[in-house]
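Biologist: I have the model open and want to go through it with you. Can we start with the overall picture and then move to single residues?

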Amino acid sequence: MPVTRSWAASAAVVLSLTLGLTLTGTAYAGEIPSNTEGGMEQSGGNDDSGIYAAARITYSGSVAPNGASGNVTSADVNWTPPPCWYAPYLGAKDFKAKMSKDIERQLKTPGIGSTAGSALTELKRHYEAGYGWSDNPGYEDYNVDKDGEGMFWAGVENPNEPDVLKRSSCNDLPFWVDNGEAPPPRYEEAITPQILAALAYQHMQLPDTEVTLAPEQTTKVNLPTWAWLDKAVFDEVQATASIDVPGFDLQATTTARPVSLTLEPGTDDAVTYPPSGECVINDDGSIGEPYARGKANRTPPCGIKYLRSSGNGTYNLQATITWDISWTGTGGAGGDLPDGTFGNGQAVTVQEIQSVNR
């Protein structure tokens with residue numbers, strides 16, 4: 001007699017709350033590794049119980065250190081990285097060792113409630129005696145006879161997702177996937193190259209590039225200030241996320257290419273060049289034009305003219321770079337992601353032009 005989905009939901013809660021089996025914790029599938037810019041290899045390892053936790057996401061390229069979110073802001077306010085996903089967790093023998101031990105321990109806990117006890121009993125029958133439901137059959141002895149031919153998959157939380165409800169929404173019971181096969185279609189959050197690309201986007205670290213100004217730092221009222229970025233310090237950036245376990249190997253590389261620079265003077269008493277404040281990228285990959293002697297009477301292609309002194313303070317010039325972001329991944333997959341932006345603030349002193357009376 002198959003169990004119902006309502007039981008499955010109860011068992012999932014018991015699994016996470018009563019068993020203390022934190023499938024989304026740092027010792028299990030999808031762990032965000034400690035990285036430094038330039039990348040860092042991290043393979044699977046043993047958790048505290050000696051069980052091999054094979055599926056880890058490895059980040060490389062220009063990524064934030066220690067698994068933190070990068071400095072890219074999506075231009076699309078409605079776009080967010082995935083809050084959770086399903087990924088390979090453990091092989092059959094290791095899963096049995098982990099799950100059966102925790103179930104037995106909790107069943108023997110003094111004072112365990114009837115609801116939790118019933119859910120634990122049904123959970124045990126699901127993995128040991130084949131009890132399941134229409135689109136998710138149960139397992140005989142934790143699929144041990146298929147060890148090495150596939151893995152149990154489990155939900156993984158994105159530790160950088162601030163909404164706990166979204167982060168914990170991949171809460172279906174661990175399920176079996178044969179090597180080389182795709183997870184059942186109903187697991188829409190199963191890890192894919194596109195999900196890896198979104199995670200690479202989330203962890204991408206763009207260069208902290210300061211715009212070159214002329215005059216530098218201190219300028220005069222009504223004097224055009226030229227602004228530019230050389231291609232040498234303004235080039236494309238890449239970040240890669242990958243997952244590699246027996247029978248399952250995916251990767252995706254997210255590439256950010258600079259396309260424009262937007263200048264915000266930090267005061268309404270200023271004009272920008274061009275009037276939109278957006279300086280587009282040149283054919284040679286640079287932005288704007290360096291100032292040189294003899295250009296004093298020309299209008300800069302990218303720059304600012306302040307109309308009022310900053311007094312005893314400074315204006316906070318915001319220089320925001322817009323990046324076109326795309327991705328490629330395993331199997332020829334690829335596409336576009338929302339444009340990203342990253343801005344720097346620069347203090348600019350604006351002085352009145354002093355006249356001398358004779």
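Biologist: What share of the contacts in the protein with a separation of 6 or more is between residues 24 or more positions apart?
Modeller: 74% of them, where a contact means heavy atoms within 4.5 Å. Before going on: this is a predicted model, with pLDDT of at least 70 needed for local features and 80 or more for side-chain atom pairs, while totals for chains, interfaces and linings use all residues. Residues are numbered from 1 along each chain as its sequence is written, and side-chain values use heavy atoms, leaving out hydrogens and water.

Biologist: How many helices and strands?
Modeller: Five helices and 18 strands. These are DSSP runs numbered from the N terminus, with helices being H or I of at least four residues and strands E of at least two.

Biologist: How much of the protein is buried?
Modeller: Of the 358 residues, 47% are buried. Buried means under 20% relative accessible area, exposed over 50%, and partly exposed in between, with a 1.4 Å probe and protein chains only.

Biologist: And helix α5, mostly covered or mostly open?
Modeller: Mostly covered: 10 of the 11 residues in α5 (193-203) are buried. Among them are P193, I195, L196 and H203.

Biologist: Changing topic. Which peptide bonds are cis?
Modeller: The bond from A214 to P215 is cis, with omega near 0 degrees, and P215 sits in the loop between β8 (212-214) and β9 (218-220). The bond from Y273 to P274 is cis as well, with omega near -5 degrees; P274 is in the loop between β13 (270-273) and β14 (278-280).

Biologist: What does T225 touch?
Modeller: Leaving out residues up to four places away in sequence, T225 touches L213, A214, P215, T219, P300, C302, G303 and I304. T225 belongs to strand β10 (residues 225-229) and counts as buried because its relative accessible area is 6%.

Biologist: Where is N66, and what is its phi?
Modeller: N66 is in the loop between β3 (57-61) and β4 (73-74). Its phi is near 60 degrees, a positive value in a residue other than glycine.
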